[in-house]
Amino acid sequence: GRMFWTCMGAPGKFDGGVYSANVDGTDIKTLIAPGTINTPKQIVLHSEAKTVYFCDREGCRVYRCAYDGSNLEVLIDNTGGEANPQHRISDWCVGIAVVPNYGKFYWTQKGPSKAGKGRIFCANITTPEGESPDARSDVQVVLADLPEPIDLEVHEATHTLYWTDRGELPIGNSLNKAQLSEQGLLLPASSALGYDVITRNLNEAIGLILDPANSQIYLTDLGGSIYRTDMDGNNKEKIYSNDDRAFTGIALV
């Protein structure tokens, strides 16, 4: 009965925050107050464990905490030990998805703008015993050399990984998908890219949410539009647009 969201704050400053509220906007609670994290981006819930996962972009980390913000834990640390690592653009963590059935979580590192150096990683929900978040042996690269991957979702029933990419055309500014195995690892694809670009010509693509019950996907972009497509990316429809706005995250209730 609650919604959760991140506030980026000013990039490069430790003034980002994580919050929750009732779905009507009442009873706002602070999970992570400004002063701890840098620019938190995509947020997802692991409902069985009652935990929240989120990426901190300029902070170069992936975090997990309880629904009330307690037990804040660094899962991935790409800071290189630096107090202010915001210049490490290739190590910025942006989108995240958690898949309990695989025992894994996935995240994107978008790389420099329009550079074609973006990557998608995965690691186990349970950190290997005795290992630190900056040197985990279970981290795997799922896909590399992507234009600029942002937000992630996994459709477990079909073992499909979806993500938005705000990189350069022709394969950036798109919705993409890749097939995973039953263990959550990438399967070979017929496409030379190693994945499929299923919707193009978005305007700085950011958010996505799957609606499998209706076989649809919702998308947002910084150009101020919200879209809806089929699960295969066809029949793209712009359902709202406002040139004075820029949209990032999206959720479906």
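## The largest pocket

The lining of the largest pocket divides into 26 nonpolar, seven polar and six charged residues. Here Ala, Val, Leu, Ile, Met, Phe, Trp, Tyr, Cys and Pro count as nonpolar, Asp, Glu, Lys and Arg as charged, and the others, Gly among them, as polar. The model is predicted: local features need pLDDT of at least 70, side-chain atom pairs count only at pLDDT 80 or more, and totals for chains, interfaces and linings use all residues. Residues are numbered from 1 along each chain as its sequence is written, and side-chain values use heavy atoms, without hydrogens and water.

In all, 39 residues line this pocket. Ile43, Val44, Ile209, Ile250 and Ala251 lie nearest its centre. A lining residue has an atom within 4 Å of a pocket point, on a 1 Å grid with a 1.4 Å probe; a pocket is an open set with protein on both sides within 12 Å along at least five of seven lines.

## Strands in the lining

Strands are DSSP runs (E, at least two residues), numbered from the N terminus. β4 gives the largest share of the lining, seven residues. Strands supplying at least two residues each include β1 (2-7), β8 (96-99), β12 (149-155) and β16 (205-211).

## Asp138

Asp138 sits in the loop between β10 (118-124) and β11 (140-146). Asp138 counts as buried because its relative accessibility is 9%; buried means under 20% relative accessible area (1.4 Å probe, protein chains only).

The Asp138 side chain reaches the backbone nitrogen of Asn124 at 2.9 Å. The side chain of Arg136 lies 2.8 Å from that of Asp138.

Methods
Helix = DSSP H or I, 4+ residues; strand = E, 2+ residues; numbered from the N terminus. Buried < 20%, exposed > 50% of the residue type's maximum accessible area, 1.4 Å probe, protein only. Polar contact = N/O pair within 3.5 Å; in protein donor to acceptor, adjacent residues only side chain to side chain.
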